[in-house]
Amino acid sequence: MSTIRIDANVPHLSTETGDAAERAEELSFDGVWTAETDHDAFLPHPIIADRTERIQQGTRIALAFTRSPMALAYTAWDLAQYSNGRFVLGLGTQVKGHNERRFSVDWESPGPRLREVVESLRHIFDVFRGEAELDYEGDHYSFSLMTETFDPGPIDYPDVPIYIAGVNEYNIRLAGELCDGLAMHPFNTPAYASDVIAPTVAEGADRADRSLEDVALSASPFVVTGATEDEMDRSREEVRRRIAFYGSTRTYHDVLEHHGWGSIGEELHDLSRDQRWEEMADRVTDEMVATFAIEAPPEDLLDRARDAYGGIADRLVLPLDQGEAFMNE
């Protein structure tokens, strides 16, 4: 596997966005990502493109089902051209509750529906290139009307990489079959990535006569770091709380079960159901924190991360605010 690329997350659209992206490029990060939690994932990217020259930029992740694939295609097409081909379209499904109750979007067959999002995007990009007539028909999406007024036409950078986030086997396999990359969830371990995720991606790639080398595996591990012992302790406890939060959701229990911690996952689930939030972190042992997280002082963080994910991941997301220490080593 080639040398791991090191990426960073940058803030949502704000006065800090451009400075953060520029700083990441100065420190020789390979890419910057924006998330879609409490802000839009796409809006920062023109600023990122304006303030940088070489660094790759993308969404990790934007929500797939809250926008039509046609709307996603227009946005990605524009950002690909504006960034001189540096934009990566990263998509994810989110979970049922947020789709239905936060966005009022139907939740039906999310895996096959995500497949259609990727398939229709590829088809729409072909239409924009002038290589096809718009004619996509699926179970969840259909597209058949494109007139000259609404066709943006070819651009200089038409090969927009598509990454998807995947937790369940279907989506992980789908990344191998159809996508350019898989954005692995932070609730992950090097062992689970090596033993479960990579073989599943490879299985999907084999179905499409591709190989694992055709799919970038992007890891975004929990990080425990700090310049002093007190800072390390605070960072460790924050990671412990995040492990407890994700571990309370049965969607993520496969990772716990892989390490023999399935019963702890059930305890966390029961505690969350009873809203006993303060007790949950106590169930997460030091061994669990050490297994899930990359733990090192800032100057050693990059080496420790490469040791953990070398031979597994192609990209690693590490904290930009510690980049001065580890990217200049």
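## Terms and basis

A residue counts as buried when its relative accessible area is under 20%, as exposed when it is over 50%, and as partly exposed in between (1.4 Å probe, protein chains only). The areas themselves come from the Shrake-Rupley method with a 1.4 Å probe, and for residues only the protein chains shown count as cover.

The model is predicted: local features need pLDDT of at least 70, side-chain atom pairs count only at pLDDT 80 or more, and totals for chains, interfaces and linings use all residues. Residues are numbered from 1 along each chain as its sequence is written, and side-chain values use heavy atoms, with hydrogens and water left out.

## Overall form

The chain has 14 helices and 13 strands; these are DSSP runs numbered from the N terminus, with helices (H or I) of at least four residues and strands (E) of at least two. The C-alpha trace spans about 60 × 45 × 40 Å along its principal axes.

For 329 residues, a compact globule would have a radius of gyration near 20 Å, and the chain agrees with this at 20 Å. That radius is taken over C-alpha atoms, and the globule rule is 2.2 Å times the number of residues to the power 0.38. Of the 329 residues in the chain, 51% are buried.

## Salt bridges

A search of the whole structure gives 24 salt bridges, each defined as a side-chain nitrogen of Lys or Arg within 4 Å of a carboxyl oxygen of Asp or Glu. One of them joins Asp7 and Arg315, whose closest N and O atoms are 2.7 Å apart. This pair links distant parts of the chain, with Asp7 in strand E1 (residues 5–9) and Arg315 in strand E13 (residues 315–317), 308 residues apart. Asp7 counts as buried because its relative accessibility is 0%, and Arg315 is buried as well, with a relative accessible area of 3%.

Arg276 takes part in a salt bridge with Asp274 (4.0 Å, N to O) and in another with Glu279 (2.9 Å, N to O). Arg276 is partly exposed at 37% relative accessibility; Asp274 is partly exposed at 47%, and Glu279 is partly exposed at 29%. Elsewhere, a network of salt bridges links Glu169, Arg173, Glu203 and Arg207.

## A negative surface patch

Glu100, Asp106, Glu108, Glu133, Asp135, Glu137 and Asp139 form a patch of negative charge on the surface. Patches consist of residues with over 30% relative accessible area and no salt bridge, where like charges are joined within 9 Å and nonpolar side chains (Val, Leu, Ile, Met, Phe, Trp, Tyr) within 5 Å. Asp and Glu count as negative and Lys and Arg as positive, while His and the chain ends are not counted. The place of a charge is taken as NZ of Lys, CZ of Arg, CG of Asp or CD of Glu.

Asp135 is exposed, since its relative accessible area is 58%.

Gly247 belongs to helix H8 (residues 229–247) and is buried, with a relative accessible area of 0%. Its C-alpha atom is separated by 9.4 Å from that of Gly262, 15 residues apart along the chain.

Phe222 is found in strand E11 (residues 222–224) and is buried, with a relative accessible area of 1%. Phe222 and Ala64 are 158 residues apart in sequence, and their C-alpha atoms are 24 Å apart in space.
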